[in-house]
Amino acid sequence: MLSYLKSEKYNIRKEAGQTLKVGLPVIIAQLLQMSMNFVDTVMAGNLSAQDLAAVAVGGAIFMPFMMLAAGILMAVTPVIAQLIGARKFREVGINVRQVLWLSQMLAIPIFFLIRNLEFAMVFLDVEPAIIPIAQGYLNAISWGVFAVAGYMALRFFNEGLSATRPGMYFALLGVFVNIAGNYILMYGKFGLPELGARGCGYASAIVGVVMFVGMLLFTYNYESYQRFNIFDSFRKPNWPYLKELLQVGVPIGLSSTMEVSMFALVSLLMGSIGTIAVAGHQVAINFSAMTFMVPFGLSTAITTRVGNAIGKGSIYEARRRGYVGIGLATLFMCVTAMIMYLFPDLITSIYTQNADVQEVAISLLYMAAIFQISDGLQVSGYGALRGLKDTTLPMAVNFVAYWLVGLPLGYYLGLVRGIGPQGLWMGLIAGLTIAAILHNIRFYKLTRRSQT
């Protein structure tokens, strides 16, 4: 019995190490992606208030489209992970080709949609002077949509093989290209015209092309991938393979969009309370978003590790790997919860010296400390379910948790009952907690069929 316990302890420690090895580069890559948005904001703000507003509005409109596409393409990660576990190498190459086709199929409507969104900005009551500048930004960034979609397809394929470092390296390259592109195109250097927000859009498009070419060259030349015969010949779209990718991916895309839109709508509702509320909310949500990158990165590793085990036919191993990953994500979020609870003054002082904003931000950081654990549990539990290719019911869970509970409850408590920003965040906590509980119950039920 003692030898068994020691062996199990060693296996858990080993699995935790494997999960961190796969997940850490994803965490860094996501933080680098966030830093690009930060750079865009700072450099646009140094030009003019209108350019800053245009980049903010254009980015807010652009991101849901790409979030939906990213979620759909993310289906290739568990598909590849299970195929590798089952050692079906020929199927791997076929699925890579099909997800590349799918990426371009998704890019086509996104390209045309974002180039014709003036009506949406009018509907959202965006200041008329900003609309043409924001549309110019969207027109410019649209030229990178095809490359960005292709990059995501190849990145998620690599992550299905536990090869997460390439995404990290190319994200780092993207940061440098983004800074240089913004400097040259936004400010009109080296004899080029000053394009402002439109230049920021072109720079982002160039970043997408550079990252896609880099990931394509890596995938094409990496010796270990030659066995998959990915690029050995031209193949047309194959509906049975596309159908599986869509069946797994569409629920992921919709789930991601629902979660992001819940937070976006809460931010908009803050605007009805007042400027101080918006500013305080922005401080707390920005810090929470950075800490969220850790369990998000780990969720990718959990998907891959669970998928490999399922491919090998071991439900028990999938269960163990899933719970080790969920435990790691939750442990980290417990640490960040303690930091938020113990040092809210220090955190808010990094963002602002305005006493009123700090007061609101501190009160929300206390609440963020509560939902850290729920957030870590829900994203890691959902990552484990993705490894099982179980995405449809979790999508329904997210819809109920975020849109039928979280948002209505936040609206009622924050605005109807007059609790204010804290009331809106109570809705966030409720939605995330429901999703966390139900995702983990689902994973428990699907993997309890076998303990051998």
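Leaving aside its neighbours within four places in sequence, which residues is D51 in contact with? Before I answer, please keep in mind that this is a predicted model, in which local features need pLDDT of at least 70 and side-chain atom pairs count only at pLDDT 80 or more, while totals for chains, interfaces and linings use all residues. Residues are numbered from 1 along each chain as its sequence is written, and side-chain values use heavy atoms, with hydrogens and water left out.

The partners of D51 are A44, I133, G196 and A197, where contact means heavy atoms within 4.5 Å. D51 itself belongs to helix 2, residues 49–73, a helix being a DSSP run of H or I with at least four residues, numbered from the N terminus. D51 is buried, that is, under 20% relative accessible area with a 1.4 Å probe and protein chains only, whereas over 50% is exposed and the range in between is partly exposed. Even so, D51 has no salt bridge, meaning a side-chain nitrogen of Lys or Arg within 4 Å of a carboxyl oxygen of Asp or Glu; the nearest side chain of opposite charge, R198, is 8.7 Å away.

Let me turn to the nonpolar cores, which are sets of buried Ala, Val, Leu, Ile, Met, Phe, Trp, Tyr and Cys residues joined through side-chain atoms within 4.5 Å. The largest has 70 residues, and V96, M152, F157 and F228 have the most contacts inside it. Helix 4, residues 89–114, supplies the largest share of this core, 10 residues. A second, separate core has 27 residues, among them M270 and I347.

Notes
Helix = DSSP H or I, 4+ residues; strand = E, 2+ residues; numbered from the N terminus. Lys, Arg positive; Asp, Glu negative; His and termini not counted.
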